[in-house]
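Welcome, and let us take a walk through this protein together. Have a look at the sequence and the model below, and then read on.

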Amino acid sequence: MELWQQISDLFAPWIRPLDNSGQILTPWIQADQSLASNMVCAYAEGLKELHHQFQASVFDQNVLGLLWPHYVVTLARPGTPEHVLYVFHSQLLSLPWNSFHPDTQALDMMLQMQDTHSHTCFVFLANIFTKMNWMEVMQLCANRDILVRLHICLFHLLVKMAMEDDILQGTNLEQLMMAAENFNWGFLDSLSYSTTITQLMDNCEPSWVLKDRTSKEYRVLSLLKCASGFGRQDWVDQQPETPVKRCAYIRCVVTLLCRVSHLPNIDPAAMDYFLNNLLTEVETVITQVSEQTAQYQEAVSQCSEVLNLLNNCDA
């Protein structure tokens, strides 16, 4: 988009950090932060008006689709000082991110951000991520390959963000996770699911598994359960990988339960309550499997996961 490039080039001398052989040259010093904020605000207002006048169709490169890689590669490049990032983030959050429909390149940049950029940038991503209308993004995507990629990236980012306490507590991530429980996670393959929840299992507090239903931590585990196919009948019957995902979910929560059992001052009644609920859910899922051989195989695999892992619990 020619106008986008013209606006970016117009503001570049005042707002764009430069890379001088690996050294970041900042566009302003910290003492000039107020003046810089006015300039970045003008930049954001120009982009907002451009977006309003030339909204592209879904998955076309509209203003937000052009801004996101520009932000990642240029404005917030690794090494950019926090006082510069603060100004960018405070002003760019005002843009209409609810109409941002990322393509696969944008999704890949989101996935890489935690490893390549500062934590401040990842928090900024979480703020715009939770503003986006993901249900609309899914519904308007007609390409199955893109849909698969969308679900993989969305699930991975949701879980990654949930492991950051300041994001879980300070953004609308919980509301997005509640909405995401109704997504069609049949597009999420078992390998991607298992890889993501293994990261959660290795990094979260084991006590998450005993949190009550009003907690944010419970909401994370509830999303894992829904994405595995527990309690869902609208898409699970058509997905041959659902039993594998269910076993992965059981392995995750029972592993956390076993780790909790070794901690001091843990309420045994809470552990019993969780385990009874899990076994009831397993029983309910198994009885819903119509084909007898498949029902037997799923019963054996899920019960084996529970029993094998419970052997590691503190008696």
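## A guided tour

Of the 315 residues in the protein, 49% are buried (under 20% relative accessible area, with exposed meaning over 50% and partly exposed in between, for a 1.4 Å probe and protein chains only). The model you see is a predicted one, in which local features need pLDDT of at least 70 and side-chain atom pairs count only at pLDDT 80 or more, while totals for chains, interfaces and linings use all residues. Residues are numbered from 1 along each chain as its sequence is written, and side-chain values use heavy atoms, with hydrogens and water left out.

The protein has 15 helices and two strands (DSSP runs numbered from the N terminus: helices are H or I with at least four residues, strands are E with at least two). Take the contacts (heavy atoms within 4.5 Å) between residues at least 6 apart in sequence: 76% of them join residues at least 24 apart.

Now for a pair of helices. Two packed helices are described by the angle and the distance between their axes. The axes of H6 (residues 119-129) and H8 (residues 144-162) come within 11 Å and cross at roughly 120° (axes are lines fitted to C-alpha atoms, for helices over the stretch in contact, and angles run from 0 to 180 degrees between N-to-C directions). H6 is therefore oblique to H8, the word for angles that are not under 35 degrees (roughly parallel), over 145 (roughly antiparallel) or 65 to 115 (roughly perpendicular). On the H6 side, Phe-122, Leu-125, Ala-126 and Phe-129 make the contact, and on the H8 side Leu-154, Leu-157, Leu-158, Lys-160 and Met-161 do.

Next comes helix H10 (residues 173-180), where Leu-173, Glu-174, Leu-176, Met-177 and Ala-180 are buried. Seen down the axis of H10, these buried residues fall within an arc of 160°, so they line one face of the helix (the arc is that of the directions from the helix axis to the C-beta atoms). Their cover includes H6, H7 (134-139), H8, H9 (165-170) and H12 (216-228).

His-89 lies in helix H4 (residues 82-92) and counts as buried because its relative accessibility is 7%. Beyond its neighbours within four places in sequence, His-89 is in contact with Tyr-71, Thr-120, Cys-121 and Phe-124. Asn-265 sits in the loop between H13 (242-261) and H14 (268-288), and its relative accessibility of 80% makes it exposed. Most residues other than glycine have a negative phi. Asn-265 has a positive phi, near 60°.
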